[in-house]
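Me: I have not seen this structure before. Please take me through how to read it, one feature at a time.

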Amino acid sequence: MLVFGYQVVLMVVAFFFGQFPFFWNYEKKILRRMGVMQPGQARLAIFASGKGSNAEKIIQHFENHSNIHVSLIVSNKATAGVLDIAKRFGIDTLLLEKKKFMETNEYVQLIKNQGITHVVLAGFLLKVPDNLIQAYNNKIVNIHPALLPAYGGKGMYGDHVHQAVIQAGEKESGITIHLVDEEYDHGKTLFQSKVTVDPNDTPSSLAEKIHQLEHQHYPSVIEKWALRTS
Ligand code: GRF
């Protein structure tokens with residue numbers, strides 16, 4: 001009773017000091033641990049421009065999940081493999097028109113109307129416009145195939161990253177899973193994991209190793225993050 005009363009007092013004080021959202025998140029965590037509150041439902045939209053091997057692992061991971069559902073696959077490329085994967089799993093798709101995506105609020109409205117709570121980038125090659133970032137503040141996650149802050153930024157994607165890592169003679173590379181903000185590859189890091197770069201590695205052999213690491217970790221990192229923020 002005392003513990004519960006303390007939580008209520010904390011929320012009232014937080015309200016008067018304008019810190020309500022911060023403390024409410026903290027409260028939710030405690031109430032869930034105490035078994036008083038269940039985690040909310042998360043509806044993920046996965047944004048991808050390519051093959052979609054990460055998207056597929058994420059879809060499989062959440063197939064029978066009670067709180068997290070992959071509800072939409074979004075792509076800017078009509079020929080992207082990820083759209084076939086979506087079809088195979090019976091998930092709704094949205095094909096973006098670049099100009100409309102970059103310059104209007106239309107897609108943000110559409111995604112909000114579909115009840116999407118979290119956005120997952122998995123090989124999405126367009127820069128996310130500010131309106132989407134603001135609409136999903138701290139609710140967009142990305143995976144980068146290197147150890148950020150090294151080998152990130154504009155133009156650093158796919159084999160360009162692995163090429164640069166090998167050319168610089170790095171002994172290790174890896175993956176970074178991070179929140180997305182207005183700057184390229186810049187938001188808060190949630191998770192990193194490393195692989196060794198061997199002397200005979202090529203960009204494609206390194207890409208292969210990194211993909212394995214991504215498949216192993218991205219779904220479970222998304223799961224923890226989505227449960228924490230739902
Ligand atoms: C991954 O290596 C990811 O790190 C990067 O794009 C690649 C996407 O690969 N952002 P896939 O389409 O999931 O196979």
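Me: Where does P129 lie?

Reply: A caution before the answer: this is a predicted model. P129 sits in the loop that runs between strand 4 (118-121) and helix 7 (130-135).

Me: Is P129 buried or exposed?

Reply: The cut-off for buried is under 20% relative accessible area. P129 has a relative accessible area of 8%, so P129 is buried. Leaving out residues up to four places away in sequence, P129 touches F101 and M102.

Me: How should I read a core, and which residues touch the most other members of the largest nonpolar core?

Reply: The general idea is that in soluble globular proteins, nonpolar side chains tend to be buried together. Here the largest nonpolar core has 39 residues, and I46, V70, V120, Y218 and I222 touch the most other members. Among the elements that each supply at least two residues of this core are strand 1 (42-47), helix 3 (53-61), strand 2 (68-75) and helix 9 (203-228). Helix 9 gives the largest share, 8 residues.

Me: Which residues does V120 touch?

Reply: Not counting residues up to four places away in sequence, its contacts include L44, A45, I46 and F47, and also I58, V141, Y218, I222 and W225. There is also a second, separate core of 21 residues, which includes F47, Y107, V108 and V180.

Me: How do I read a helix, and which residues of helix 4 are buried?

Reply: In general, an α-helix has 3.6 residues a turn, so residues three or four places apart point the same way. In helix 4 (81-89), the buried residues are V82, L83, I85 and A86. They are on the same side of helix 4 because they cover an arc of only 155° around the axis. On the other side of helix 4, K87 and R88 are exposed. The cover over the buried residues of helix 4 includes helix 3, strand 2 and strand 3 (92-95). After helix 4 comes G90, with a positive phi near 70°.

Me: Which residues are buried in helix 8?

Reply: V161, H162, A164 and V165 are buried in helix 8. Their arc around the axis is only 160°, so they lie on the same side of helix 8. Strand 5, strand 6 and helix 9 are what the buried residues of helix 8 pack against. Helix 8 is followed by G169, whose phi is positive, near 70°.

Me: Which residues are around the ligand?

Reply: The residues around the ligand are K51, G52, S53, N54, G123, I143, P145, H211 and E214. From a polar side-chain atom of S53 to an oxygen atom of the ligand is 2.5 Å. For the side chain of H211, an N or O atom is 3.0 Å from an oxygen atom of the ligand. For the side chain of E214, the corresponding distance is 2.3 Å. Taken alone, the ligand exposes 370 Å², and the protein buries 84% of that.

Me: What is H217 in contact with?

Reply: H217 belongs to helix 9. With neighbours within four places in sequence left aside, H217 is in contact with I175, I177, F191 and S193. H217 counts as buried because its relative accessibility is 18%.

Me: What is the phi of N138, and what is the phi of D185?

Reply: N138 is not a glycine, and its phi is positive, near 65°. N138 is located in the loop between helix 7 and strand 5, and its relative accessibility of 45% makes N138 partly exposed. D185, also not a glycine, has a positive phi of about 50°. D185 is placed in the loop between strand 6 and strand 7 (189-196). At 18% relative accessibility, D185 counts as buried.

Definitions and conventions. Residues are numbered from 1 along each chain as its sequence is written. This is a predicted model: local features need pLDDT of at least 70, side-chain atom pairs count only at pLDDT 80 or more; totals for chains, interfaces and linings use all residues. Side-chain values use heavy atoms; hydrogens and water are left out. A nonpolar core is a set of buried Ala, Val, Leu, Ile, Met, Phe, Trp, Tyr and Cys residues joined through side-chain atoms within 4.5 Å. Buried means under 20% relative accessible area, exposed over 50%, partly exposed in between (1.4 Å probe, protein chains only). Helices (H or I, at least four residues) and strands (E, at least two) are DSSP runs, numbered from the N terminus. Contact means heavy atoms within 4.5 Å. The arc is that of the directions from the helix axis to the C-beta atoms. A residue is near a molecule or strand if one of its heavy atoms lies within 4 Å of it. A polar contact is a pair of N or O atoms within 3.5 Å; within protein, one must be able to donate a hydrogen and the other to accept it, and residues adjacent in sequence count only if both atoms are side-chain atoms. Accessible areas come from the Shrake-Rupley method with a 1.4 Å probe; for residues, only the protein chains shown count as cover.
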